Amino acid sequence: MAGRKIFVSYKYADDNVENLNNSPWCNSTVRDYVDLLEGYLDSTDHIYKGESDGEDLSTYSEETIREKLRDRIYDSTLTIVMISPKMKDALKDEHSQWIPWEVSFSLKETSRRNSSGQSVVSRTNAMLAIVIPDSTGAYGYYLESRFCCSNGCIMHKTGQLFEIIRRNKFNKKVPDSRSCISGDTIWYGEASYIEAVKWADFTADPEKYISAAYDRRDRIDSFDIHKTF
């Protein structure tokens, strides 16, 4: 597969995640997982378009940061969202947090002038969510294994997500689903434009999930896309 330009959206300081360090005195953060992801992308033809560790944007004004992020997202074709236990600050309005804005801008078609003065419209990015294990190594804060419809299923706790991500979950226009006697609805296959995968599964076969995200973008009319937050 040809190299892709990939932007990563995440909550940098969330440390309620499984520790990747050998020392019990030093907790990992989501940034440590992004470092591993960036290292993988650097070892391939893919191009990492996100913020690198040590690249401090905090000294810039909010509008300058926003403009730098616009440039990077505009020049990317896939946005990966890292889902972590404390990605969302419940005490702050979602409009004042970066992840919803980054997801929204990734989903929008944006027009810019090229060097020849022609208007060029970007496509909606392919999207993928990677679920990071919590401090106990479990995923149950978002992905819960349940016994339903006389079979096993995975419940996505979408209430843990930012609204714009939640609205792009289970948004296939003609879903492959069925209802159970219990009242549960089971969805099969790819039901969401922003599909979610466990970190352990993603790292076992990254290209599988990256390719699937681009395949969904090629079938974007099959999904009810929500671009604003």
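This is a predicted model: local features need pLDDT of at least 70, side-chain atom pairs count only at pLDDT 80 or more; totals for chains, interfaces and linings use all residues.

Colleague: Which strand supplies the largest share of the lining of the largest pocket?

Modeller: That's β8, with six residues. At least two residues each come from β7 (143-148), β8 (151-156), β10 (185-187), β11 (195-198) and α6 (206-218). By class, the lining has 16 nonpolar, six polar and 10 charged residues.

Colleague: Why is Ser84 called buried?

Modeller: Buried means under 20% relative accessible area. Ser84 has 2%, so it counts as buried. Ser84 is in the loop between β3 (78-83) and α3 (98-107). Beyond neighbours within four places in sequence, Ser84 contacts Lys11, Asp14, Val17, Val30 and Tyr141.

Colleague: Which residues touch the most other members of the largest nonpolar core?

Modeller: Met82 and Ile165, out of 46 residues in that core. Strand β6 (residues 126-131) gives the largest share of this core, six residues. Apart from it there's another core of six residues, among them Phe7, Ile65, Ile73 and Phe105.

Colleague: What does Met82 touch, not counting residues up to four places away in sequence?

Modeller: Its contacts include Val8, Tyr10, Val30, Leu37, Ile130 and Trp199, and also Ser9. In soluble globular proteins, nonpolar side chains tend to be buried together.

Notes: Residues are numbered from 1 along each chain as its sequence is written. Side-chain values use heavy atoms; hydrogens and water are left out. A nonpolar core is a set of buried Ala, Val, Leu, Ile, Met, Phe, Trp, Tyr and Cys residues joined through side-chain atoms within 4.5 Å. Buried means under 20% relative accessible area, exposed over 50%, partly exposed in between (1.4 Å probe, protein chains only). Helices (H or I, at least four residues) and strands (E, at least two) are DSSP runs, numbered from the N terminus. Contact means heavy atoms within 4.5 Å. Ala, Val, Leu, Ile, Met, Phe, Trp, Tyr, Cys and Pro count as nonpolar, Asp, Glu, Lys and Arg as charged, and the others, Gly among them, as polar.
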